[in-house]
Amino acid sequence: MTPWVRCQELPIGILMCLETTLQSVRNAALPELPTFQSVSSNSEQWRFDESPPENATGNLVFNTVHSLLQRWPNTRYRNGHNIVPGVIPTGTLLYHSTNGSHMIPSGPEWTAMDPEHSIFFSRGNGSDWHLTLAATRPLKVLYFDGNSAAKLSEGTMDTQDIIAWGEPRPDRFFDERNRIDDLCTWGKEFKIDGFARLDTSSEVMLCDFTAGVEVVSFYRIRSFEFMHSGSWHNRYPGDSRIVLDLTGLISLYDTALAPSLVSVRTGLERCGHRVLGISPDDISRVMRNLIKVVTRPHPIGSGIDWKTLIHVIVDRYADRLELTQHLLNVASSDPQELLERAKLAQTQLSVMLTPYLLHSTVIPSAGTLGIYSSQWASPIFRLCVRTHTSQITNLIPLMTPSERLLLKAIEDTTREICRVTTKMWAVGVMSGLDTLFPIEPNEELDATQIMNDWRQDIQKLMSWLDWGVWIKCRPACGPEEMCYLSTWPINAPRPERPLPSPRDSQNLTNSPEAQHFADRVGQAKYPVEDWSLPQPRCIRRLQPYGF
């Protein structure tokens with residue numbers, strides 16, 4: 001009977017199967033592949049005690065790129081830092097509520113990607129006309145990440161303001177009419193059809209309703225339901241009706257592009273990051289790079305599918321890191337139970353590192369002390385880091401500056417994942433917890449200390465990565481519920497200043513339009529801190545929603 005068949009009959013499941021199979025592979029003495037002989041063997045480059053620099057942004061570039069077009073992570077961290085060129089494919093539908101008029105807009109206006117979102121802007125009393133458009137050719141757009149359609153002074157509009165007005169203008173955060181007009185005026189020279197943003201769902205600031213689109217329908221309608229439709233795009237791949245070109249990514253987390261923002265971010269939590277404070281020189285550099293991107297005559301770059309590569313890495317580690325964290329978060333003080341949990345965690349670490357556990361690995365004697373007690377595992381660390389990128393580095397001469405930034409972000413992210421997990425795994429081996437590399441430790445195992453150290457290691461790693469896939473409702477919501485994060489405008493705190501005149505185009509926070517939009521669903525009552533860094537909670541999918 002094969003190991004796999006035996007494994008299926010065991011109640012312990014796939015982990016026992018993997019362990020049995022791995023032991024068989026190890027005993028088979030398979031030769032090492034020559035592909036990795038070119039990888040540097042300098043152990044000084046692969047030290048387990050060197051964590052990322054305090055101001056490193058590779059993890060932020062990685063995370064924000066993986067989050068592009070996804071509602072969930074961009075609702076949690078509202079202040080976007082990326083400007084990305086893209087296209088809306090031929091045949092894609094766009095929706096516009098005319099708010100009582102039966103006239104197709106003659107200038108720039110807002111369109112929604114989902115009809116429920118567009119209808120929400122109507123009065124909903126049967127007097128409104130709802131326009132459906134279809135793209136007759138690929139529409140050239142720029143995409144702003146974050147909750148970039150939220151009318152807030154906190155930083156959601158910063159990247160748009162740089163293009164429209166040459167600098168972030170938090171005093172004009174509700175000046176949407178001038179913003180769309182000025183963005184479209186700037187983009188006209190570069191044949192940009194619109195600007196894509198995220199509200200409760202994706203929207204496109206369409207510059208010309210007579211270019212690249214045609215009318216599908218123009219009817220009066222009544223009912224609406226919008227929040228559930230926005231949730232369709234919560235997770236990867238997000239809103240796939242907008243196709244982004246990552247070879248032209250402009251990231252304000254690029255410290256070479258915007259070095260002035262390094263000091264602005266120092267000491268701040270991620271939710272406090274914004275582009276306000278960027279220097280004039282950096283703004284000029286951003287705009288020069290952006291113009292180069294939007295004026296490229298044809299697609300360029302290495303041909304690497306960066307979106308998929310980044311998602312493969314998240315897929316590979318997200319669930320396993322989360323399970324390892326769960327195994328380590330045990331409240332028991334019983335030594336035997338802690339020992340069993342430590343062995344389970346060690347098995348999970350082995351699972352993560354399976355492709356990199358070289359047969360040639362030599363384990364030192366149990367008495368080896370200090371940092372050198374784990375340095376024997378540096379070839380595993382190195383292979384873990386380099387596997388996803390060792391071959392594509394040959395394409396660096398073909399890469400755009402944006403692609404080189406992406407490559408560095410991937411390398412920085414995988415390096416830290418592999419550093420922490422390999423170090424934890426090596427500690428487990430040296431402590432006698434591993435069944436594939438069994439040794440007899442010289443002293444009695446302190447499972448409590450190992451569990452405490454590992455718990456801190458995994459928590460620090462997952463906080464540094466801060467992937468949106470880990471932000472979820474626990475326990476999961478029921479069939480009549482949906483998982484929800486506080487969002488604009490429903491949960492946004494009301495300003496505590498006098499109402500401005502509706503004619504004040506630079507500050508319309510409390511304009512009738514803004515009040516009408518929020519009051520339609522009711523102002524939710526949640527703590528201010530939940531607005532600053534939203535926490536997931538279950539709400540009803542049926543009225544009353546309970547926002």
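Visitor: I'm starting with Cys271, so is this residue buried, exposed or partly exposed?
Guide: Cys271 is partly exposed, having a relative accessible area of 33%. On this scale buried means under 20% relative accessible area, exposed means over 50%, and partly exposed lies in between, with a 1.4 Å probe and protein chains only.

Visitor: What kind of model am I looking at?
Guide: This is a predicted model, in which local features need pLDDT of at least 70 and side-chain atom pairs count only at pLDDT 80 or more, while totals for chains, interfaces and linings use all residues. Residues are numbered from 1 along each chain as its sequence is written, and side-chain values use heavy atoms, with hydrogens and water left out.

Visitor: OK, how many disulfides are there?
Guide: The structure holds four disulfides, where a disulfide is a pair of cysteine sulfur atoms within 2.5 Å. If you number the bonded cysteines of the protein in sequence order, the pairing reads 1-2, 3-4, 5-7, 6-8.

Visitor: What about Cys384, which residue is its partner?
Guide: Cys384 forms a disulfide with Cys418, and their sulfur atoms are 2.0 Å apart. The link is left-handed, with -70° about the S-S bond. This pair connects distant parts of the chain, as Cys384 sits in helix α14 (residues 378-386) and Cys418 in helix α15 (residues 401-430), 34 residues apart. Both Cys384 and Cys418 are buried.

Visitor: And where does Cys473 link up?
Guide: Cys473 is joined by a disulfide to Cys483, with 2.0 Å from S to S, and at 95° about the S-S bond this link is right-handed. Here too the pair links distant parts of the chain, since Cys473 lies in the loop between α16 (447-465) and β11 (481-484), whereas Cys483 lies in strand β11, 10 residues apart. Cys473 and Cys483 are both buried.

Visitor: Why is the disulfide of Cys477 and Cys538 left-handed?
Guide: That disulfide, whose sulfur atoms are 2.1 Å apart, is left-handed because the torsion about its S-S bond is about -95°. Cys477 lies in the loop between α16 and β11, and Cys538 in strand β12 (residues 537-540), 61 residues apart. Cys477 is partly exposed at a relative accessible area of 22%, and Cys538 is partly exposed at 32%.

Visitor: New topic: how many helices and strands does the protein have?
Guide: The protein has 18 helices and 12 strands, which are DSSP runs numbered from the N terminus, with helices being H or I of at least four residues and strands being E of at least two. Of its 547 residues, 51% count as buried.

Visitor: Which strand holds His81?
Guide: His81 lies in strand β1 (residues 79-88), and this residue is buried, with a relative accessible area of 2%.

Visitor: What is His81 in contact with?
Guide: Leaving aside neighbours within four places in sequence, His81 is in contact with several residues, among them Asp145, Thr159, Tyr253, His273 and Arg274, where contact means heavy atoms within 4.5 Å. Looking at the whole protein, among contacts between residues at least 6 apart in sequence, 78% join residues at least 24 apart.

Visitor: And what lies 3.1 Å from a polar atom of the His81 side chain?
Guide: The backbone oxygen of Asn79 lies at that distance, 3.1 Å from a polar atom of the side chain of His81.

Definitions and conventions
Polar contact = N/O pair within 3.5 Å; in protein donor to acceptor, adjacent residues only side chain to side chain.
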